[in-house]
Structures are given as C-alpha cells and as structure tokens.
Amino acid sequence: MDTIAPKIDIFERDVTREQVEDAIRTLLVWVGENPAREGLSDTPKRVATAFKEYCAGYEEDPHDVLDRTFEEITGYRDMVVLRHVPFESMCEHHLAPIIGNAHVAYLPVGRVVGISKLARVVDGYSRRLQIQERLTVEIAEAVDNVLKPRGAACVIDAEHFCMKCRGVRKKGSWMTTSHLTGAFLTDDRTRQEFYQRIRCDGFGSRGL
Ligand SMILES: Nc1nc2c(ncn2[C@@H]2O[C@H](COP(=O)(O)OP(=O)(O)OP(=O)(O)O)[C@@H](O)[C@H]2O)c(=O)[nH]1
Ligand SMILES: [Zn+2]
C-alpha cells in the first residue's frame, strides 16, 4: 500500500507565525465564522500566542530544574511528598484541556531538591501535548533519573475536557494514574504510606 506523505514535515521548526495565524483563520471559517469581523480579527494572533503558552514545556528540559540539590539534611531519609500540584495540560488527541493535580514523592538518598522544583517538573511536562499516562511516567522518571532516590512516585488526578465537553460528554469523571519506581513499587508499606499521605487509595484523591 502506498504511504501518504504528510503535508507538513513534523520535524520542521521554521513554521512562521503568519502560517499559524492563517491556519486559525481557516479553522474559524470551517466552524462557520467570519474571521474578518471585528471581534475575531485579532483572534488568530491571540490563539497563536496562547498555544505557545500552553506548550511552553517544549522550550525546557525539566531534568535541568532538578540539578540544584541540598546535601545538608542531617540524615533525613524519609519520604518527601508534594501533594496537590495543580496543572493544566492539553490532550494530544483533541487539543482539549486536561486539568488536574499531581502528587509527587521520592525517598531521598543523601540530598534533597528545592520543593518548588518538583512543581516545576510538573509544569515542564504538562505544558505539552500529552496523554495522562505519559505525563505521569515522565514526572516520576525525571525525579528518579536525576535525584537517584530509593524510589519516586507520581499520582495524577485529572479531568479531560475532550470527555467532558464533546464526544461522550461525561462531566465529573476523573482519571487517576500512577507511576512508581524503586521502593514505592517493591515495598508494600512504602506504597501504602505514600497513598495514605496523599489520601489516595487508588480510587482518586481530588476530594481532599
Ligand atoms: N488513555 C488515555 N486516553 C485519552 C487521554 N486523553 C484522551 N484520551 C482518549 O483518547 C481516545 C481517542 O479515541 P479516538 O476513537 O481515536 O477518538 P474519538 O473518535 O474522538 O473518540 P471519543 O472521544 O470517544 O469521541 C478517546 O477515547 C479519549 O477519551 C489520556 O490522557 N489517556
Ligand atoms: Zn482528548
């Protein structure tokens, strides 16, 4: 079977802003609008700017923010948990918002990271086109890879607007995903303590 060549080289980075704004104008016509009317005349410009903001994560490597660590921790080796980090992401299938909370944890070995950096990692990966499973894995693996802890964990609760506002139209359904490494995976007590700390027993924690 012949392969159909994509019209746009996905690795091409030299797309102009004008091309993006033209694409938005085309979308406006497609939905039945007049892109020339006053209220919409600046919309392509705004949407182009907004998409750069939604997808700002592509401009950074979240591993970098974990580089600065502190070693004067007088032997602290218990679990560090940052609960309820709110995030906004975008579903790669429909370009619709994914809005939720991430809970991130690790078991430090000899050093800790500034706590805001865990939230920055969540931001760096969520401000991209995502599926929730990949977002969850990327956050936990970044912590695991850079800090080399005894284990890392990420749980995410999120609402998918592609499910809420279109298609199956299910309001109030939340998706929970988790990715665990090291002791979180192999040690039942560690895992239970983590879920207890985020008050999530695997059935969602958004009620906190
Ligand atoms: N597993 C997973 N699925 C997602 C996520 N975001 C969106 N989806 C789903 O991706 C699927 C895409 O399915 P398709 O059948 O290709 O697209 P569709 O016809 O628009 O599907 P509907 O949403 O059921 O109307 C849908 O079931 C979405 O609910 C995510 O983060 N994780
Ligand atoms: Zn979607």
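In helix H3, the buried residues (20 or more other C-beta atoms within 10 Å of the residue's own, with C-beta atoms placed from the backbone) are Lys117, Leu118, Val121, Val122, Gly124, Tyr125 and Ser126. These buried residues pack against strand E2 (80-91), strand E3 (97-106), strand E4 (112-113), strand E5 (129-130) and helix H4 (132-147), where a contact requires C-beta atoms, placed from the backbone, to lie within 7 Å. Helix H3 itself covers residues 115-126 and extends 17 Å from its first C-alpha to its last, close to the 16 Å expected for its twelve residues at 1.5 Å a residue; the expected span is 1.5 Å times one less than the number of residues.

The model is a predicted one, in which local features need pLDDT of at least 70 and side-chain atom pairs count only at pLDDT 80 or more, whereas totals for chains, interfaces and linings use all residues. Residues are numbered from 1 along each chain as its sequence is written, and chains are lettered from A and ligands numbered from 1 in the order in which they are written.

The chain contains seven helices and seven strands, assigned as DSSP runs (H or I of at least four residues for helices, E of at least two for strands) and numbered from the N terminus. Their order from the N terminus is α-α-β-β-β-β-α-β-α-β-α-β-α-α. Of the 208 residues in the chain, 27% are buried. Among contacts with a separation of 6 or more, 71% involve residues 24 or more positions apart. The domain assignment, of automatic or database origin, gives domain 1 (17-54) and domain 2 (62-197), whose C-alpha centres are 33 Å apart.

Helices H1 (residues 17-30) and H2 (residues 43-54) have axes that come within 8 Å and cross at roughly 115°. The axes are lines fitted to C-alpha atoms over the stretch in contact, and the angle, on a scale from 0 to 180 degrees, is taken between N-to-C directions. On the H1 side, Arg17, Val20, Glu21, Ile24, Arg25 and Leu28 meet Thr43, Pro44, Lys45, Val47 and Ala48 of H2.

Two residues other than glycine have a positive phi, namely His84, near 55°, and Arg169, near 50°. Most residues other than glycine have a negative phi. His84 is found in strand E2 and counts as partly exposed because it has 13 C-beta neighbours inside 10 Å. Arg169 lies in the loop between helix H5 (161-164) and strand E7 (175-180); with 8 other C-beta atoms within 10 Å, Arg169 is exposed. The exposed class comprises residues with 12 or fewer such neighbours, and the partly exposed class lies between exposed and buried.

Definitions and conventions
Contact = placed C-beta atoms within 7 Å.
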